[in-house]
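Colleague: Please take me through this model feature by feature, with the general idea ahead of each case.

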Amino acid sequence: MYAFVNPESGESLFWLIPVVNKQAYAAVMAAFAQKVGAGADHRVLVVQDGAGFHVPPDDGHPEGIQTVTLPPYSPELQPAERLWELTDVPIANRAFKSIKEVEAALSDRCVWLEGQPDLVTRHTLFHWWPLLAN
């Protein structure tokens with residue numbers, strides 16, 4: 001699962017992809033850039049951890065996307081880390097008969113969370129997070 005969150009607005013976007021690697025990361029980052037309208041006139045800052053697959057393609061990130069990589073062992077600084085406790089709710093302590101059932105439960109939860117900005121903000125907006133000035 002790949003997740004993006006704006007801690008201030010609570011807007012969140014999720015992608016369920018069956019692999020976690022550099023190619024999937026590049027594809028998700030491109031889809032994210034398109035979804036949020038990133039480009040020359042709309043710059044988006046993505047804060048990410050130092051996972052080994054967080055590597056831009058040779059031609060770089062999509063236009064308008066800039067990344068900041070957090071220091072190692074600092075998940076408490078990453079707002080998106082707080083999303084996992086929200087996404088895990090429908091699958092925790094349950095047994096599933098197939099991976100399709102797990103995917104369906106996660107997909108339903110992610111769709112629901114995308115419509116719950118107040119809940120997402122309560123979990124991801126740290127007291128020290130810099131708010132938009134404009």
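**Helices and their buried sides**

Modeller: Begin with helix 3, whose 16 residues reach 22 Å from the first C-alpha to the last, close to the 22 Å expected at 1.5 Å a residue. The expected span of a helix is 1.5 Å times one less than its number of residues. Helices (H or I, at least four residues) and strands (E, at least two) are DSSP runs, numbered from the N terminus.

Modeller: This is a predicted model: local features need pLDDT of at least 70 and side-chain atom pairs count only at pLDDT 80 or more, while totals for chains, interfaces and linings use all residues. Residues are numbered from 1 along each chain as its sequence is written, and side-chain values use heavy atoms, with hydrogens and water left out.

Colleague: Which residues of helix 3 are buried?

Modeller: Buried means under 20% relative accessible area, exposed means over 50%, and partly exposed is in between (1.4 Å probe, protein chains only). In helix 3 the buried residues are Ala105, Leu106, Arg109, Cys110 and Leu113. They lie on the same side of helix 3, because they cover an arc of only 130 degrees around the axis; the arc is that of the directions from the helix axis to the C-beta atoms. Lys100, Asp108 and Val111 are exposed residues on the face turned away from the buried side of helix 3.

Colleague: What covers the buried residues of helix 3?

Modeller: Cover is read from contacts, and contact means heavy atoms within 4.5 Å. For helix 3 the cover includes strand 2, helix 2 and helix 4 (117-124).

Colleague: How does helix 1 read by the same steps?

Modeller: Its 15 residues should span 21 Å at 1.5 Å a residue, and the end C-alpha atoms of helix 1 are 21 Å apart, which agrees. Ala24, Tyr25, Val28, Met29, Phe32 and Ala33 are the buried residues of helix 1. Their cover includes strand 1, strand 2, strand 3 (44-48) and strand 4. Alanine 26 is also placed in helix 1 (residues 22-36), but at 23% relative accessibility alanine 26 counts as partly exposed.

**Strands and a hairpin**

Colleague: How many bridges join strand 1 to strand 2?

Modeller: Two strands pair if DSSP finds at least two bridges between them. Here 4 bridges join strand 1 to strand 2 (residues 12-15), and the two run antiparallel. Tyrosine 2 stands opposite tryptophan 15 in strand 2. The two strands form a hairpin with 6 residues between them, and glycine 10 in the turn has a positive phi of about 80 degrees.

Colleague: Are the faces of strand 1 covered or open, and which residues show that?

Modeller: Both faces of strand 1 (residues 2-5) are covered: Tyr2 and Phe4 are buried on one side, and Ala3 and Val5 are buried on the other. Alanine 80, in the loop between strand 4 and helix 2, touches Ala3 and Val5, not counting residues up to four places away in sequence. Alanine 80 is itself buried, at a relative accessible area of 12%. Its C-alpha atom is 6.4 Å from that of phenylalanine 4, although alanine 80 and phenylalanine 4 are 76 residues apart along the chain.

**Positive phi in loops**

Colleague: Where is tyrosine 73 found, and what is its phi?

Modeller: Tyrosine 73 is found in the loop between strand 4 (65-69) and helix 2 (84-87). Its phi is near 60 degrees, a positive value in a residue other than glycine. Tyrosine 73 is exposed, with a relative accessible area of 81%. Asparagine 93 also has a phi near 60 degrees. Asparagine 93 is found in the loop between helix 2 and helix 3 (99-114) and is exposed at 84%.

**The chain and its record**

Colleague: What pattern does the protein chain follow along the sequence?

Modeller: The pattern is β-β-α-β-β-α-α-α, from 4 helices and 4 strands. Buried residues make up 34% of the 134 residues. Of the contacts with a separation of 6 or more, 54% are between residues 24 or more positions apart.

Colleague: What is the radius of gyration, and what would a compact globule have?

Modeller: The radius is taken over C-alpha atoms, and the globule rule is 2.2 Å times the number of residues to the power 0.38. A compact globule of 134 residues would be near 14 Å; the protein chain has 15 Å, which agrees. The C-alpha trace spans about 45 × 35 × 30 Å along its principal axes.

Colleague: Which residues does UniProt list for the domain?

Modeller: An unreviewed UniProt entry lists residues 1-102 as "domain: Tc1-like transposase DDE". UniProt positions are given in the numbering used here, feature names are shortened, and annotations may be inferred rather than shown by experiment. In the model, residues 1-102 are 23% helix and 18% strand, with end C-alpha atoms 12 Å apart.
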